[in-house]
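This report is meant for someone meeting the structure for the first time.

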Amino acid sequence: MTDKPSYLGLLNAIAVAESAAEDYFGAWAAVTPSPEVRQVLQTVALREGEHGKAFAKRICELGYETRPKDDPGAADRLAIAASTSISDREKFEKLGIGQQVQGDAPDVFDPMFGDKNIDIQTGALLGRYIAEERDSGRLLRSCYEQCAAADAGGNGQRGESNGDLAGRVAHIEDLLQQVLARLG
Ligand SMILES: [Fe+2]
């Protein structure tokens, strides 16, 4: 067997994280009341699952096995994703998904090609993975913005009805003043 590839740890981390992400995106897709949100979540869940398998396959082809890693937050994330009492917008916010990244925040994918020893087949897989992750990020950001806008629209409607109520109260006050003026 050849020397252990220097990028095996990276491949393992991706395989484990992507498989875990498939679980919670899938659980969320199963309970969302919105067909549009479900479409996005199912697309992302399938990509995550395929990434998990593709990287586990590559690790196997290189002569090694995927090693599970302890993830203390996994149960909490799954519980949030599978909840039927938390709204989609709140799930995005609680899970830290779909949020705009600060301009100067470090990009998690940029350093992945820093290892100059990556073989051609692994490099091709990694490139496709990064492009799909970036596309999933765009899909999720757009989906979150639509959920947030829908929630804000709901508040706006409540604002309008408050406005209607204020108008009716003002009208009643006018009528009352007219009655009082006649009585006076
Ligand atoms: Fe991912």
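## Helix packing and a loop

In this predicted model, helices α3 and α4 pack with their axes 9 Å apart and at an angle of about 165 degrees. Since that angle is over 145 degrees, α3 and α4 are therefore roughly antiparallel to each other, and their crossing is left-handed. On the α3 side the contact is made by R77, I80 and A81, and on the α4 side by K91, K94 and L95. Sorted by class, the residues of this contact of α3 with α4 are 3 nonpolar and 3 charged, with no polar residue among them.

The pair belongs to a protein that has 5 helices and 0 strands, so that the pattern read along the sequence is α-α-α-α-α.

| Helix pair | Angle between axes | Distance between axes |
|---|---|---|
| α3 and α4 | about 165 degrees | 9 Å |
| α1 and α2 | about 150 degrees | 7 Å |
| α1 and α3 | roughly 20 degrees | within 7 Å |

Helix α1 covers residues 8–31 and helix α3 covers residues 74–82. With an angle under 35 degrees, α1 and α3 are therefore roughly parallel to each other, and α1 passes α3 in a right-handed crossing. The residues A20, D23, Y24, A27, W28 and V31 in α1 meet A74, R77, L78, A81 and A82 in α3. This contact of α1 with α3 divides into 9 nonpolar and 2 charged residues, with no polar ones.

Helix α2 spans residues 35–61. Here the angle is over 145 degrees, and α1 and α2 are therefore roughly antiparallel to each other; the crossing of α1 and α2 is left-handed. The residues of their contact divide into 14 nonpolar, 7 polar and 5 charged.

Attention can now turn to the loop between α4, residues 88–95, and α5, residues 120–183, which is where G98 is placed. Is G98 buried or exposed? G98 counts as buried because it has 23 C-beta neighbours inside 10 Å, where 20 or more are required. Leaving aside residues up to four places away in sequence, G98 touches F92, L140, R141, C143 and Y144. The C-alpha atoms of G98 and E145 are separated by 7.9 Å, although these two residues lie 47 apart along the chain.

Q99 is found in the loop between α4 and α5 as well, but with 13 C-beta neighbours inside 10 Å it counts as partly exposed. The C-alpha atom of Q99 is separated by 6.0 Å from that of R141, which is 42 residues away along the chain.

For the protein as a whole, buried residues make up 21% of the 184 residues. Among contacts between residues at least 6 apart in sequence, 74% join residues at least 24 apart.

A last point concerns confidence. The mean pLDDT of the protein is 88, and 83% of its residues reach 70 or more. Over residues 156–164, however, pLDDT stays under 50, and for this stretch the model has 0 contacts beyond four places in sequence. Where pLDDT is low, the predicted coordinates should not be read in detail.

Key:
Residues are numbered from 1 along each chain as its sequence is written. This is a predicted model: local features need pLDDT of at least 70, side-chain atom pairs count only at pLDDT 80 or more; totals for chains, interfaces and linings use all residues. pLDDT is the predictor's confidence in each residue, from 0 to 100. Two residues are in contact if their C-beta atoms, placed from the backbone, lie within 7 Å. Axes are lines fitted to C-alpha atoms, for helices over the stretch in contact, and angles run from 0 to 180 degrees between N-to-C directions. Helices (H or I, at least four residues) and strands (E, at least two) are DSSP runs, numbered from the N terminus. Angles under 35 degrees count as roughly parallel, over 145 as roughly antiparallel, 65 to 115 as roughly perpendicular and the rest as oblique. A crossing is left-handed if the near helix is turned anticlockwise from the far one by less than a right angle, and right-handed if clockwise. Ala, Val, Leu, Ile, Met, Phe, Trp, Tyr, Cys and Pro count as nonpolar, Asp, Glu, Lys and Arg as charged, and the others, Gly among them, as polar. A residue is buried if 20 or more other C-beta atoms lie within 10 Å of its own, exposed if 12 or fewer, and partly exposed in between; C-beta atoms are placed from the backbone.
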